[in-house]
Amino acid sequence: MKKYLSLFLLFGSTVHAQLAPLTVNKIMRDPKWMGTSPENYTWSADSKTVYFNWNPENKDKIQPYKVSISNNKVDKAEDKEADKAAPLNYTYNKDRSLGLLEKGGDIYLFNFKSNKETRLTNTLDRESGARFLFNNDVVYQRGDNLYLHNLVTGELKQLTNFIKGKPTNQQTPRVMPTQQDTWLRNDQMALFDVLKSRNAAGANRTRFGGRGGAFNSGEQRTIKPVYLEDNFLSGVVASPDAHYVSYRLITPSANNKNTIVPNYVTASGYTEDINGRTKVGETLSTYKTFLYDVIRDTLYAINTSQIPGIKDLPDYVKDYPKELEERTKKNEDRKVNLGVANWNETGTFAVITARSQDNKDFWILKLDPATGNVSLIDRQRDEAWIGGPGVGRDVQWIDNNRFYFQSEATGYSHLYVYNIVTGEKKQLTSGKWEVQRVQLSKDKSTFYISANKEHPGITHFYKMSVNGGDLIQITSMKGGNEVTLSPDEKWLAINYSYMNKPWELYIQANKPGAKAVQITKSTSAEFDSYKWREPIMEVFKNRYGADVYARVYPAANPHPNKPAVVFVHGAGYLQNVHYWWSQYFREYMFNNLLADNGYTVIDIDYTASSGYGRDHRTGIYRHMGGKDLTDQADGVKLLVDKYGVNPKNVGIYGGSYGGFITLMALFNQNDVFRAGAALRSVTDWAHYNHGYTANILNEPYNDPNAYKLSSPIYFADRLKGDLLMLHGMVDVNVHFQDIVRLSQRLIELGKDNWELAVYPVEDHGFVEPSSWTDEYKRIFKLFETTLKK
């Protein structure tokens, strides 16, 4: 989360009834003036010191600091001191008596019993990914290939033979001698007896072996060549007995067209083009996973046709009968992206994950390495898209027989353990809350879990046995608790914040009920002089009967018009109604300003926000601007019924996805919203990126109805209220082209109740204080002149 804090449009403890440009300019300074929260926590290897970056003295840049857990004393640290003190990232053998470490591109072996380090490689090439096999041999990657180092004999053996490019003829083409060459050769042979004898001896060496034939002592070893051609190689992994090597070839997409973002304000004085992203509907790269049998020197691909449900079509195709008929007739396997083989400790079992490219299925599969066949362990299917915290990631082994993973099978992301020997799948956590992060203890007996079990807007740190049982809460402070566990697992470095209190470092023993001790105090006196609000946490039922969470900032002294403003967070799948310091810190402060100036403000975790489970997450499938928009209108009803706002004087603002919702609000809920400010808004989802959009709306060419239902540009004719649009001209995320196309549409429709403010040097996230100043002056003016009339 962002650690820089920014105050603008008000300062000190004074309540401002109106804004003057000079006042706005004065307080729109570098965000660090409010104080810079600590960040980037790392523990020393001995678990006695926490290192972090901080800037309590308001210098030009952040500095390294450290705190000792013995006395909680904070001191400045030397540059690179944290790196030197950090735990070495060893890869251990089974009994942890040996460790492997990469340093400077070479591999080192450390013997913990003798406390001796041995350098295993010393080359110009980089050796990486070193790990132990089950018999304590070492395998590592050099270039594209794997090598096996026998620690007993010292023998180095190459396991794979990946070759860049395409196969070529290895024989040098024969050059036919000219007549002159032939004459000279014959003349030389006739003149000199020594040439005659050597020529005869050479023929005999060729016939009877010589240096390359039967007289050689030892056989020449061959390894099956694998030509990479135009593919990218990834995930090269040897089985624990080095019998198999799995790897993945990625074939990059072809014929995709990248967008161009012109940059007008440049040092050269010329317009310079930024090569941007592709648009939704692009051709995706393909992934194929292979197994190489080292002993048999054979190669084969994983058999994806055996994956259960590989031919299943998504439900939305039923809305397009012709496409459904064609795809049913073809009966093709869906394209999938396979992971690499994930072996247990002894190499007796391997699992592999697979995700369909339409992102509606995620499988965990048992792999038979001798044949490349797979069988089903677990399938997660979602007619919208697979997602949720921790879902769809590779599995993690607990021991030789069990691994863990997360699934939204119950509607919320929870933790499961699977025994590959018995076939038992055990759900360890349950309830209407989410497991957000899982960490396995070093001795593999305990799960450390971050979750929002107490409340969707509160995160705590818990522990649980890998065998299941009680979930034991360790942290206790209400708000956001981001934990970095010490190497010895006895201490927690907690990054903690509350609604109106930015992030600070706390230290706590890793015990339930232990007290968390505050280490840093980062906010400035100027920040502390204003009494920042704790918004009221509300829960209301939307028109579909689902719970929706919101934060309300009641007006200090309501204006006679009793106006209200709705703030819409960005990103869609993001949480902003919580008890910790908002990453939308500017908007939090602007909401305080609005409340000081007679507005009641509401901030809603609308349908599609994170933290509330699968149904909330996927509630906008095939209709963005549907439930996520009506939630805003239902929130306004709450303000009217409970806080007495005037329904005729309601405004709305937000950036990115929040800007998109603002546009949809002014177009499709124009009886609810009088005015709106849309920042860096998506205006047509067919022009956004593939990874985000295709999950929610599929692709424009196979689900055009979803795009027409979800894109503001198709509803621009319904604009009634006052619309302010603001956009950076070098936005490489939501392109400036988006707002230009909508502007042209509004011009053609003859609309005159809109304005566009452009920011020539700004990307998606604004940087310059002058841009923030101008932007929010305009937003505040919009609400002052429309909602207080």
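## Salt bridges, pockets and a helix contact

The side chains of Lys164 and Asp144 meet in a salt bridge, with a distance of 3.0 Å from N to O. The structure holds 37 salt bridges. The model described here is a predicted one.

The next topic is the open spaces.

| Pocket | Volume | Lining residues | Nearest the centre |
|---|---|---|---|
| Largest pocket | about 1,500 Å³ | 49 residues | Trp343, Glu345, Gln396, Trp397 and Lys444 |
| Second largest pocket | about 1,100 Å³ | 37 residues | Lys335, Gln357, Asp358, Glu699 and Tyr701 |

In the largest pocket, strand S30 (residues 435-440) gives the largest share of the lining, five residues. By class, the lining of the largest pocket has 23 nonpolar, 15 polar and 11 charged residues.

In the second largest pocket, at least two lining residues come from each of helix H5 (321-330), strand S23 (350-356) and helix H11 (690-697). Helix H5 gives the most to this lining, with five residues. The lining of the second largest pocket divides into seven nonpolar, 16 polar and 14 charged residues.

Cavities come next. The structure holds three cavities of 30 Å³ or more. The second largest cavity has a volume of about 40 Å³. Its lining is made up of Phe567, Tyr584, Glu587, Tyr653, Gly654, Gly655, Leu679, Arg680 and Tyr776. Which strand supplies the largest share of the lining of the second largest cavity? Strand S42 (residues 650-655) does, with three residues. By class, the lining of the second largest cavity has five nonpolar, two polar and two charged residues.

The last topic is a pair of helices. The axes of helix H9 (residues 627-643) and helix H10 (residues 657-668) come within 10 Å and cross at roughly 70°. Angles of 65 to 115 degrees count as roughly perpendicular, and H9 and H10 are therefore roughly perpendicular to each other. On the H9 side, the contact is made by Asp628, Leu629 and Gln632. On the H10 side, the contact is made by Tyr657, Phe660, Ile661, Met664, Ala665 and Asn668. The residues of the contact of H9 with H10 divide into six nonpolar, two polar and one charged.

How values were computed. Residues numbered from 1 in each chain as written. Predicted model: local features only at pLDDT ≥ 70, side-chain atom pairs only at ≥ 80, totals over all residues. Heavy atoms only, no water. Axes fitted to C-alpha atoms, helices over the stretch in contact; angles between N-to-C directions. Helix = DSSP H or I, 4+ residues; strand = E, 2+ residues; numbered from the N terminus. Parallel < 35°, antiparallel > 145°, perpendicular 65-115°, else oblique. Contact = heavy atoms within 4.5 Å. Nonpolar A, V, L, I, M, F, W, Y, C, P; charged D, E, K, R; others polar. 1 Å grid on protein atoms, 1.4 Å probe; cavity = no way out; pocket = protein on both sides within 12 Å on 5 of 7 lines; lining within 4 Å. Points joined across faces, edges and corners; volume = space filled by probe spheres on them. Salt bridge = Lys/Arg side-chain N within 4 Å of Asp/Glu carboxyl O.
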